[in-house]
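Morning, everyone. Please take a look at the model on the screen, and I'll walk you through its pockets, a pair of strand contacts and some aromatic rings.

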Amino acid sequence: MAKSFPGMLLVTALALAGLAVGARAGDIAIYWGQNGNEGTLAETCATGNYKFVNVAFLTTFGKGQTPVLNLAGHCNPATNGCTGVAADIKSCQSRGIKVLLSIGGGVGSYGLSSPADARQVAAYLWNNYLGGASGSRPLGDAVLDGIDFDIESGGSLYWDDLARSLKSYSRRGRRPVYLAAAPQCPFPDASLGTALSTGLFDYVWVQFYNNPPCQYSASAGVGGLSRAWAQWASIRAGRVFLGLPAAPQAAGSGFVPTSDLVSQVLPVVRNSTKYGGIMLWSRFYDGLTGYSDAVKSQV
């Protein structure tokens, strides 16, 4: 065994500590688009709180349906009224923020009928929101960074085919197509389990709310969340995020007060090497409570 010197040991210990702290550093992802009172996309990014923004939602697609983008009170894609969002997307990207289109959501008409249908949807997304070309791009000429799968209905079939098809476009563009997903915390997710097993997803923001067995509560503690988090942290994915409501009224259950998040929950989830940070639903509710303001330095 080589001889050690106290100074070297101190330097090594400090270096390892720095690596450990760095591994636990996380980012915040946010959903924007479902409330006209949440401010613009550019204003959302200008807060400096977020590294990922999911533009929500493409609520209708697949099974031969004409795709429909729903941005609530922000603008009306049906009258070509959302192309101005392109400038906001570019503003966000200039700040180093990844902007993704979220497909699905809790209310919509979507699903896939076959692998061929999945490829057709992927081609539509590539040409209308990513690096392809189309005369009818709903968000103008901005090139989004990727697609977020928020699949809460529409069955469990062929989402893996959609993921593979979208990832195949990474080789055609000048930048990669990032894939994200927002599964429910019961493991594996009923809709996206097969898709997530492909290992193609860069970011997985797990919804630890509206699911009492695996969410945190002051009475139940972190036990259920800890067990579920350990399962999610073992999947083949780039980074895994803890998804939370940004206000008590943002979800039926699962709101975690900021003090509890910092003292009880983050010490559990940050132990994973796949820990990426937290996801919040949504920008409107975050604006009401200042949740991200309160925790961004601790995430």
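First, a term. A pocket here is an open set of grid points with protein on both sides within 12 Å along at least five of seven lines, and a lining residue has an atom within 4 Å of a point. Keep in mind that this is a predicted model.

With that, what lines the second largest pocket? Pro67, Val68, Leu69, Pro77, Ala78, Asn80, Gly81, Tyr124, Asn128, Tyr129, Ser136 and Pro138 do. Strand E3 (68–69) and helix H4 (115–128) are the elements that each give two or more residues to that lining. By class, we get 8 nonpolar, 4 polar and no charged residues. The space inside is about 190 Å³.

Now the largest pocket. Its space is about 260 Å³. It has 17 lining residues, and Phe57, Gly106, Asp150, Glu152 and Trp281 lie nearest the centre. Strand E2 (52–61) and strand E10 (275–281) are the elements giving two or more residues here. The class count for the largest pocket is 8 nonpolar, 7 polar and 2 charged.

On to the strands. Look at E4, residues 98–105. Is it mostly covered or mostly open? Mostly covered: 7 of its 8 residues are buried. E4 runs parallel to E2, joined by 6 bridges. Within that pairing, Val55 has Leu101 of E4 as its bridge partner. E4 also pairs with strand E6 (residues 146–151), again in the parallel sense, over 6 bridges. There, Ser102 stands opposite Asp148 of E6.

Last topic: the rings. How many aromatic pairs are there? The count comes to 21. Take Tyr110 and Trp159. Their ring centres are 6.5 Å apart and their planes are at 65 degrees, so this pair is edge-to-face. Tyr110 is in strand E5 (residues 109–110) and Trp159 in helix H5 (residues 159–168), 49 residues apart. Both are buried.

Phe255 lies in the loop between strand E9 (239–245) and helix H8 (258–269), and Tyr291 in helix H10 (residues 291–295), so the pair ties together parts 36 residues apart in sequence. Phe255 is partly exposed, with a relative accessible area of 27%. Tyr291 is buried, at 2%.

There is also a cluster: Phe52, Tyr178, Tyr203, Trp205 and Phe241. Over the ring of Tyr178 sits the charged end of Lys98, 4.9 Å from the ring centre.

That's my tour. Over to you.

Terms used: Residues numbered from 1 in each chain as written. Predicted model: local features only at pLDDT ≥ 70, side-chain atom pairs only at ≥ 80, totals over all residues. Heavy atoms only, no water. 1 Å grid on protein atoms, 1.4 Å probe; cavity = no way out; pocket = protein on both sides within 12 Å on 5 of 7 lines; lining within 4 Å. Points joined across faces, edges and corners; volume = space filled by probe spheres on them. Helix = DSSP H or I, 4+ residues; strand = E, 2+ residues; numbered from the N terminus. Nonpolar A, V, L, I, M, F, W, Y, C, P; charged D, E, K, R; others polar. Buried < 20%, exposed > 50% of the residue type's maximum accessible area, 1.4 Å probe, protein only. Pairing = 2+ DSSP bridges. Phe/Tyr/Trp six-rings, centres within 6.5 Å; stacked < 30°, edge-to-face > 60°. Lys NZ or Arg CZ within 6 Å of the ring centre and 35° of its normal.
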